[in-house]
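Work through the exercises below with the sequence and the structure in view. Try each task before reading its solution.

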Amino acid sequence: MGTEKSAALFEEALRYIPGGVNSPVRAFRSVGTHPIFVDRAQGSKLWDCDGNCYIDYITSWGPMILGHCPEQIGQTISRVASKGTSFGLPTSVEVEMAREVTQAYPAIDMVRMVNSGTEATMSAIRVARGYTHRDKIIKFEGCYHGHNDGMLVSCGSGALTFQVPTSPGVPAAVVQDTIVCRYNDLRDVEAAFARYPGQIAGVIVEPVAANMGVVPPKEGFLQGLRQLTAENGAVLIFDEVITGFRLGLGGASQRYGVAPDMACFGKIIGAGLPVGAYGGRREIMEMVSPAGPVYQAGTLSGNPLAMSLGLEMLRELKAHPEIYTRLEEKAACLEAGFAQNIAQVGLPCTLTRVGSLLCLFFTEGPVEGYDQVRHSDTKKFAAYFASMLAQGVLIAPSQFEAMFVSAAHTQEDLEHTIAANRIALEAAAQA
Ligand code: KE4
């Protein structure tokens, strides 16, 4: 089937919405076609408005770890919504959510709910600055922490996809306190601390970089950041908006055995509704208004509907930790199948995987940071993406994103995906 309805919708959307979409990477610009418009999704499948069915590996960029419309979530929506959707006053479900998050993530004692990952990282950075009375923040090339001004420097995801790492509209004064280091390069971080002694409030890092494709932390990288920040009185902030509750209940902190001072969450904790969160050690979080002087607020923060759905999701994951084992197995199955295909087609590709996050880079390995990632052949990726889509497999429309495996992906889905990957690699080889 064609995608005429999506094309027509996109045409109209362009009249009213910048770029026709409400978030840049959805525009399919980097893969040279118009986006598909979604009609519905169920489990591992997603249907566009032309009736085409796809195995979905975008999964809303991570939230749908259980697949679309999991049974227990659907029942909650009507039950909760019938009692009211927002009050602007505290509710018991916010206390339950805060308890679940802090119990799952031992490094943090307290957590504040916000409405997006961007708000979470923006707020965490403000708190780190308020706590240390310092201004500078270290981030890493290719890492994306949302679109707050100070972080729109050498960032990943959509900004990398469009090769505009530093966005217009961000005053130079705002980014003068943002120091950019190379991911996986502790010497860079050491040099920054030596250059700015006593001035660096914190280091914010994706413990597994998943916005320049998936780039795992090298052995000792996270541990080194932990040591350097402790030695220099800086706050270590793990941006676990993608990895939180994805790599396990304790996220990357648990997987790599490194306890940050603060952590940011999003995506999975909202089960697809707008939610973000930031947390930290008690002495840090008690800086946050109204407990302390650092101001942060939000009309819909802790929204009862979003909290209720997120709580259902977290409780399902907590009650069934075998979900994470299955996710690991499914992603490993894809990785093995892709690796076999790459060897047979003989294309210079690098496959990375951490848990249920995968990425196929069209560049020689090893891929350890932005320096290697940026050499990826995005033309070959575009051909690969188009072939996968035509074969009913929907992956992120950008080389610089992750492939997300969900609990709903079946063995049949995986086998179809591996077979499609082989054909799509041949298509990329011709590009
Ligand atoms: P949001 O403000 O989009 O909820 O979260 C920002 C954010 C913060 N930190 C990390 C590690 C993130 O991955 C994100 C957002 N992720 C992208 C996907 N790579 C969102 C997709 C989009 O921008 O449309």
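On a 1 Å grid over the protein atoms alone, a cavity is a set of points where a 1.4 Å probe fits but cannot get out, while a pocket is an open set with protein on both sides within 12 Å along at least five of seven lines. Lining residues have an atom within 4 Å of a point. Grid points are joined across faces, edges and corners, and a volume is the space filled by probe spheres set on the points.

The model is predicted, so local features need pLDDT of at least 70 and side-chain atom pairs count only at pLDDT 80 or more, whereas totals for chains, interfaces and linings use all residues. Residues are numbered from 1 along each chain as its sequence is written, and side-chain values use heavy atoms, with hydrogens and water left out.

**Exercise 1. The cavity**

Solution. 
- Step 1: A search of the whole structure gives one cavity of 30 Å³ or more.
- Step 2: Elements are DSSP runs numbered from the N terminus: helices (H or I) have at least four residues, strands (E) at least two. Strand E12 (357-361) and helix H14 (378-390) each supply at least two residues of the lining. The largest share, three residues, comes from E12.
- Step 3: For classes, Ala, Val, Leu, Ile, Met, Phe, Trp, Tyr, Cys and Pro count as nonpolar, Asp, Glu, Lys and Arg as charged, and the others, Gly among them, as polar. The lining of the largest cavity then has eleven nonpolar, two polar and one charged residues.

**Exercise 2. The sheet that contains E12**

In what order do the strands of the open sheet of three strands lie, and which helix packs on it?

Solution. 
- Step 1: Two strands pair if DSSP finds at least two bridges between them. The order is E11-E12-E14, with antiparallel pairing.
- Step 2: Strand E11 (350-354) and strand E14 (403-404) are the edge strands, each pairing on one side only.
- Step 3: E11 and E12 run antiparallel and are joined by five bridges. Thr352 stands opposite Cys359 in E12.
- Step 4: Contact means heavy atoms within 4.5 Å. Axes are lines fitted to C-alpha atoms, for helices over the stretch in contact, and angles run from 0 to 180 degrees between N-to-C directions. Helix H12 (residues 322-345) packs on the sheet and touches E11, E12 and E14; its direction makes about 175° with that of E11.

**Exercise 3. The second largest pocket**

Describe the size and lining of the second largest pocket.

Solution. 
- Step 1: The space in this pocket is about 670 Å³.
- Step 2: The lining has 31 residues; Glu94, Val111, Arg112, Met113 and Ser301 lie nearest the centre.
- Step 3: Helix H3 (92-104), strand E4 (110-114) and helix H10 (282-285) each supply at least two lining residues. E4 gives the most, with four residues.
- Step 4: By class, the lining of this pocket has 15 nonpolar, eleven polar and five charged residues.

**Exercise 4. Two helices**

How are H7 and H8 oriented to each other?

Solution. 
- Step 1: The axes of helix H7 (residues 186-195) and helix H8 (residues 221-231) come within 10 Å and cross at roughly 10°.
- Step 2: Angles under 35 degrees count as roughly parallel, over 145 as roughly antiparallel, 65 to 115 as roughly perpendicular and the rest as oblique. H7 and H8 are therefore roughly parallel to each other.
- Step 3: H7 makes the contact with Leu186, Val189, Glu190 and Phe193, and H8 with Phe221, Gly224, Leu225, Leu228 and Thr229. The contact has six nonpolar, two polar and one charged residues.

**Exercise 5. Backbone exceptions**

Solution. 
- Step 1: Most residues other than glycine have a negative phi, and most peptide bonds are trans.
- Step 2: The bond from Ser289 to Pro290 is cis, with omega near 5°. Pro290 lies in the loop between H10 and helix H11 (304-319).
- Step 3: The bond from Gly365 to Pro366 is cis, with omega near -10°. Pro366 is in the loop between E12 and helix H13 (370-373).
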